[in-house]
Amino acid sequence: MKLKTLALVASFMALPIAAFSEPVKVGIITTLSGGGAGLGIDVRDGFMLAVKQSGNTDIEVVIEDDQRKPDIAVQLADKMIQSEKVDVMTGIIWSNLAMAVIPSAVAQDKIYLSPNAGPSALAGRGCHPNYFNVAWQNDNLHEAAGAYTNSAGFQNTFILAPNYPAGQDALTGFKRQYQGELAGEIFTKLGQTDYAAEIAQIRASGADSVFFFLPGGMGISFLKQYADSGVDLPVVGPAFSFDQGILQAVGQAAIGVKNTSQWNKDIDNPTNAAFVETFQAEYGRLPSLYASQGFDTANLLLSAMAKADISDRNAFRAALKEADFHSTRGDFEFGNNNHPVQNIYVREVIKEGDVYTNKIIGVALENHVDAYAADCQM
């Protein structure tokens with residue numbers, strides 16, 4: 001759809017509208033139905049809010065639903081590249097879909113801006129000049145959870161995650177920072193909803209704490225079943241299982257849980273404050289981590305469009321690398337592998353009125369560089 005000029009909602013957040021000499025066509029492939037749809041919807045809505053606030057009429061956006069299926073994502077990517085002739089691609093939530101789409105897309109000289117998935121295979125030796133991750137490398141929030149677990153004094157943690165690239169990166173990242181013993185380690189099935197067997201193993205393990213990465217509906221199912229089980233061990237996790245869109249479904253079972261994130265609604269800078277306010281006004285809900293990432297991804301793209309023509313790939317990549325935009329996280333910087341260098345915070349789940357949400361209680365890792373950057377030869 002061709003976007004028309006729209007009024008600015010928060011003028012100080014909008015990028016200056018330069019004389020864009022070339023339109024840019026963007027293909028968003030994300031999950032809009034089935035399990036995990038809320039994540040893709042938030043990425044899409046955050047992205048489109050930034051485009052709307054920019055007032056830029058030289059960006060055209062095509063949006064498709066990958067249904068969380070790699071084969072569908074590949075078909076859509078081929079359609080966008082061959083038929084739609086997109087210049088830039090974005091939107092993928094899940095790392096198995098990212099691995100199915102991104103290497104081929106960047107090899108065909110398309111720019112890919114990841115608003116979420118950050119598989120390790122694309123951060124190290126598999127890095128590429130056309131690939132920029134605006135969110136994180138998959139291990140990062142889990143590394144921060146490992147660091148927090150140390151500071152909390154836990155020494156015998158039970159860990160679990162789904163058996164797919166992001167789940168494997170999650171447990172690798174946690175163990176990279178965690179200094180205690182493991183009471184158990186389980187890879188669950190992607191999309192699993194019954195965790196009775198895993199909870200029984202946790203109960204029998206002698207663990208003093210639990211770390212899990214179960215995004216979307218998986219985390220909702222696990223937390224509810226865990227709360228009902230009577231197992232009373234402290235839970236630590238990354239933001240993915242304790243983010244805004246999930247907490248309302250989990251409810252009271254999440255109160256007090258510590259989780260790690262590079263973003264929260266109470267990060268104190270003007271861009272973030274305006275983003276939270278305007279997102280809520282636009283969509284009638286508080287933004288999630290994913291919404292902030294979609295918003296930042298669009299503003300990164302718009303900042304590059306203000307400096308370079310998309311037809312000049314070298315200049316456009318250089319403009320992206322500068323990251324000259326106002327991020328919801330504050331200062332934003334790419335490392336040598338085009339992944340963020342950033343603070344990762346510890347959050348605690350609280351209740352504000354009738355709404356379950358998070359507040360920042362500390363910094364787990366400061367100006368953190370992912371573990372794979374040294375293997376990137378860019």
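**Sheet.** I take two strands as paired if DSSP finds at least two bridges between them. Strands (E, at least two residues) and helices (H or I, at least four residues) are DSSP runs numbered from the N terminus.

**Basis.** I am working on a predicted model, in which local features need pLDDT of at least 70 and side-chain atom pairs count only at pLDDT 80 or more, while totals for chains, interfaces and linings use all residues. Residues are numbered from 1 along each chain as its sequence is written, and side-chain values use heavy atoms, with hydrogens and water left out.

**β4 and β5.** I checked this pair and got three bridges in the parallel sense. Y112 has Y131 in β5 as its bridge partner. Contact means heavy atoms within 4.5 Å.

**Disulfide.** I searched the whole structure and got one disulfide, taken as a pair of cysteine sulfur atoms within 2.5 Å. C127 is joined to C376, with S to S at 2.1 Å. The link is right-handed, with 90° about the S-S bond. It connects distant parts of the chain, 249 residues apart: C127 is in the loop between β4 (111–114) and β5 (131–133), and C376 is in the segment after β12 (355–368). C127 counts as buried because its relative accessibility is 12%; C376 counts as buried at 6%. Buried means under 20% relative accessible area, exposed over 50%, and partly exposed in between (1.4 Å probe, protein chains only).

**T157.** I place T157 in strand β6 (residues 156–162). T157 counts as buried, since its relative accessibility is 1%. Leaving out residues up to four places away in sequence, I list its contacts, among them T149, F174, Y178, D208 and S209. The side chain of T157 makes a polar contact with the side chain of S209 at 2.7 Å. A polar contact is a pair of N or O atoms within 3.5 Å; within protein, one must be able to donate a hydrogen and the other to accept it, and residues adjacent in sequence count only if both atoms are side-chain atoms.
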